[in-house]
Every structure is written in structure tokens, then in C-alpha cells.
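Please read them alongside the coordinates.

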Amino acid sequence: MRSRSRHCWVRSAGTLVFALGSSACVDTSPSTLHPEGPGADRIAGLWWFMFWVSAIVVAVVTALILMGVLPGRRRRTTRDKGTPRWAGRLVVLGGVVVPVAVLAVLWVFTLSDMSALSQPRRSRAMKVQVVGHQWWWEVRYPQQGIVTANDIHIPVGRPVEVELTTDDVIHSFWVPQLTGKTDLISGRTNRMWIQADRPGVYRGQCAEYCGLQHANMIFYVVADPPETFRLWLSREGQPAPTPTGSAATRGREVFLSSACVGCHTIRGTEAQGKVGPDLTHVGGRISIGAGTLSNTPSNLAIWISDSQSVKPGNLMPPIPLRPDELETVIAFLEGLK
Ligand code: CUA
């Protein structure tokens, strides 16, 4: 409770200064200074606390320097005989005692927040497994048997445990508005937790350089109200819906007879590839290529025809389809909701 009130006053004062000094105060900005969950709230509180302590230290040191160099002050000191006794005490106090006290206070608050961030407040948290790939995120809900990619749906107001592993190099999982970074490291499973206090879409980003398309390794945490989340879980757990309409039905045939099936899984079909993202409900996702393009039919056409032109180095080769075939495949994939 004490810690919470500390966070509140330092943040209120800080937010006022930030708002006065910046016109870019937008809620959609994925900034750690716009927290939307208890983890990020603690981090922002600590950040503002450190900011104000540092600001006071800078102000006091600047004032002392000015007092020493101002002409009037210098004239008085040059008339002095020897060094006054208080000068030695001031050096010990300002150079040793105060810095040790300030750093000790910051250290204790930092340790307290690190400890709080490492464990969810409640046990029995829902579990999500995230596997890092160059350059996309595989997302699994083991309790529900769901596999998806790049969008992580969570229920609002509930802590969710996230298990992090990697399929290749080191990545780092970071949703600035929800909590701090945690690395995905080969051969081990790291655990952290996220919680969003309000429904919304929170942008996440790989925060460890992992190759050519590190910057295009984006994901979205979608915090749903409980009923919406329950519906999403039940829909996402189903196999791919049967295509409706002749274009989508033809698109399914084209997809299943093309190279696509070698790399992608669509549950409920013969497509069982494991190289790229599971596409069972790809039509309902926010983006294509892990945040590279928004999920629209025209972007999907660009991605299928030649994803190398928009995300060079990714594993997907150009898929040579006739324009009419491409159109039907897009109708099929966009219908997978
Ligand atoms: Cu993955 Cu940077």
C-alpha cells in the first residue's frame, strides 16, 4: 500500500511535467510511461521516483557550483584565511553520506519492485507459451490445445503466466505498457507474467537484436473482456471453418495443392507444416508477417506473391500463383476466422 501511494504521487507530478513538455501524450503509444497493467505501473512509478530524486540532486549540485563560482562569493572566500571547518564536513556529507543514502533508498525500492514483478499476485494464473522464431512469435495455449501466432489474447484484469522459449537465437519479449522485458534463451524456459487492467491492444516488440528483421518482430497483446475472451478461446480451439462461397472453396484446393502445406498447419486439413505460423484462424489476426503489414486482402496478396520484397530474409519463398488462383487463396485465408 505504501509502495502504491509512492508510485501515485511521483507519477502524478511526473505526468504533469511530461504533459507540459511534450505534445505526444497519446494513449496508443507503446511507452513504459503510459502503463496499462500492474507490472508496467510499478516500473513507471520507479522511473518517476528515480527521475525526481535525480532532478533534486542535479538542482542541489548546480546551486552549490553556482555559489562557488559567483563573483561576489569568490571575493569573500579569497579574503578568508585557510579553509573553514565546515568545508571539510560539507565534502564528507555531500560526497559520501548523501550519495550512499540516496543510492541505498533507490536500491531498496528497485529490489522491492523486482521481487514484485517476478511473481504474479495470484497463483493459478492462466498459462500461455511463447516460442521465438526468426522473426515471428508462436503462441500456444496448452490448457486449451490452441496454437496461433503473433497475437496473444488475454482476459482483462487477470494475471497470465507466459513461458518463453526460442527455436533459434535469443529474442526478448517486451510489451512496454504491460511489463518489463524477458529474454527467450535456447535450452531453457523463462517465466514471467503479464496483466492488462483495461481492454485494448498493446503492441509488443522483440527487444534483443536477433538478425536482419529484428525490428519486424512485432506482436500484439489483445486484452479482451471476460466474455469476449471466452468466445475467442472457444473459436480458436476449433479446426478451420469450412469455406463458404466458391472462391474460398477453390482457394482451399489451391492452397492444399501448393507449396504452402510444406510449411504451414491449418487444423482440420492435410496442411500440417511446422516451419511457419499455424494459419488455422489467420483471418482474425491483426497483422501479416509479425507486424510487418496490416492484415488486409491486398497486403496478403503482396505477402504471398513475394514476402521477400517487404520482409527480406524471412523463410517464406515467393509463391508463384496465377492471379485468379491468388485471389481464391486470399478469399480462403481471409475467411479463416
Ligand atoms: Cu527477435 Cu529481435
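1. Leaving aside its neighbours within four places in sequence, which residues is isoleucine 304 in contact with? In this predicted model, the contacts of isoleucine 304 are Met316, Pro318, Ile319, Leu321, Leu326, Val329, Ile330 and Leu333. Isoleucine 304 belongs to helix H7 (residues 297-306) and, at a relative accessible area of 5%, is buried; its C-alpha lies 8.1 Å from that of leucine 326, a residue 22 positions away in sequence.

2. The largest nonpolar core has 31 residues, of which Tyr141, Ile152, Phe173 and Val221 touch the most other members. Elements that each supply at least two residues of this core include strand S1 (126-133), strand S10 (218-224) and helix H5 (226-236). A second, separate core holds 23 residues, among them Leu256, Ala271, Val329 and Phe332.

3. The whole structure contains eleven aromatic pairs. One of them is edge-to-face, because the ring planes of phenylalanine 49 and phenylalanine 109 stand at 85 degrees, with the centres 4.8 Å apart. Since phenylalanine 49 lies in helix H2 (residues 38-69) and phenylalanine 109 in helix H4 (residues 85-118), this pair ties together parts that are 60 residues apart in sequence; both phenylalanines are buried.

4. Phenylalanine 173 and phenylalanine 219, by contrast, are stacked, with 4.6 Å between centres and 25 degrees between planes. This pair joins strand S6 (residues 171-174) to strand S10, and so ties together parts 46 residues apart in sequence. Phenylalanine 173 is buried at 1% relative accessible area, and phenylalanine 219 is buried at 0%.

5. Finally, the charged end of lysine 181 sits over the ring of tryptophan 174, 4.5 Å from the ring centre.

How values were computed
Residues numbered from 1 in each chain as written. Predicted model: local features only at pLDDT ≥ 70, side-chain atom pairs only at ≥ 80, totals over all residues. Heavy atoms only, no water. Helix = DSSP H or I, 4+ residues; strand = E, 2+ residues; numbered from the N terminus. Buried < 20%, exposed > 50% of the residue type's maximum accessible area, 1.4 Å probe, protein only. Contact = heavy atoms within 4.5 Å. Core = buried A, V, L, I, M, F, W, Y, C linked by side-chain atoms within 4.5 Å. Phe/Tyr/Trp six-rings, centres within 6.5 Å; stacked < 30°, edge-to-face > 60°. Lys NZ or Arg CZ within 6 Å of the ring centre and 35° of its normal.
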